[in-house]
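Reader: I would like to learn how to read a few features of a model with you, taking the general idea before the particular case. Could we begin with the strand that holds a surface residue?

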Amino acid sequence: MLGTDGIVFGDKVINVRNQNKDGYPKEGCQNYVANGEVGIVERIWQKPKAKANTHQVRFSSQPDYCYNWASRVSDEGISDLELAYALTVHKAQGSEFDKVILVISEPSALLSKELLYTAITRQKTRLIIFYNSEAYHLRNYSSMAFSDVARRFTNLFEKPEIVEYKKNYYEAGLIHKTARGELVRSKSEVIIADALFDSKIDYAYEKELSLGDDGIKIPDFTIEDAESGTVFYWEHCGMMNDDNYRSRWEAKRALYEKHGIVEGKNLIVSYDNENGSIDSQAIRNLIKQYLL
């Protein structure tokens, strides 16, 4: 066996440090194994009793070459190789796989926007997620409220401005915060939220909307008109130049119409301009048209 994991013939392994190492055949071999490379122990070299046996490993990133490790546990109890049947996101960073099975369990203090992004971008052809909650809850992690980066308070050039939100602290320059004190996903949503706030219109940000058998949708803003009893849903579209984004929005709009939520009636839709900017006056005109 090799290492503290007891690695044997046929095991799937990961190399855990960058290292120069002789590979075979020598011609064309880069003689280097990077941290995160994954391979298979394809052979155990049986050596005379005076010498240690050798684990021969072939890595997926270098399929035409193999590298050898002495079959023993070091005096320090550490090894360059570890079993790789399941990997943490941290160890998988920098690697790519055709198919990835991602296991996520809530609650988790380690889960963040950046960690989830790293996890879902390890796959090239297919991603399967095992999750112990409703799938749409993962959308929450696209918010800066779940960003580790936004919680970093280091700045080389000026003193950071720290703000508090739901008992967590953030760098003000890395988040989008409304006048009412919420964290939202974009500057466009800040403009809409602040325009509603200035007009003294109460709203709910990203309130879950159940559409029965068609599942849960999350409009950007939900506004309940107490006088008429009408509930308005506001969606802001920011990437209409992107074909995939546009097709997803059209499918969502069609689903809304199926459930009686119709643009021009109880569905308010605003758009970014082609250059990504937003017209704040156009937002206020929509408020006057539908809500005042």
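Reader: In which strand does Ile 128 lie?

Author: Strands are DSSP runs of E with at least two residues, and helices are runs of H or I with at least four, both numbered from the N terminus; Ile 128 lies in strand β10. This is a predicted model, in which local features need pLDDT of at least 70 and side-chain atom pairs count only at pLDDT 80 or more, while totals for chains, interfaces and linings use all residues. Residues are numbered from 1 along each chain as its sequence is written, and side-chain values use heavy atoms, with hydrogens and water left out.

Reader: Is Ile 128 buried, partly exposed or exposed?

Author: Buried means under 20% relative accessible area, exposed means over 50%, and partly exposed is in between, with a 1.4 Å probe and protein chains only. Ile 128 has a relative accessible area of 31%, so this residue is partly exposed.

Reader: Which residues form the nonpolar patch on the surface?

Author: A patch is made of residues with over 30% relative accessible area and no salt bridge, nonpolar side chains (Val, Leu, Ile, Met, Phe, Trp, Tyr) being joined within 5 Å and like charges within 9 Å; a salt bridge is a side-chain nitrogen of Lys or Arg within 4 Å of a carboxyl oxygen of Asp or Glu. Here the patch consists of Ile 101, Val 103, Ile 128 and Phe 130, with about 400 Å² of accessible area together, by the Shrake-Rupley method. At least two residues of the patch come from each of β9 (97-104) and β10 (123-131).

Reader: What is the strand order in the open sheet of 6 strands?

Author: Two strands pair if DSSP finds at least two bridges between them. The order is β3-β7-β6-β5-β1-β8, with antiparallel pairing. The edges are held by β3 (23-24) and β8 (81-83), each with a single partner strand, so one side of each is left without a neighbour in the sheet.

Reader: How many bridges pair β1 with β5?

Author: Strand β1 (residues 12-15) and strand β5 (residues 38-45) pair in the antiparallel sense over 3 bridges, and Ile 14 stands opposite Val 38 in β5.

Notes
Areas by Shrake-Rupley, 256 points an atom, 1.4 Å probe, with all protein chains shown as cover.
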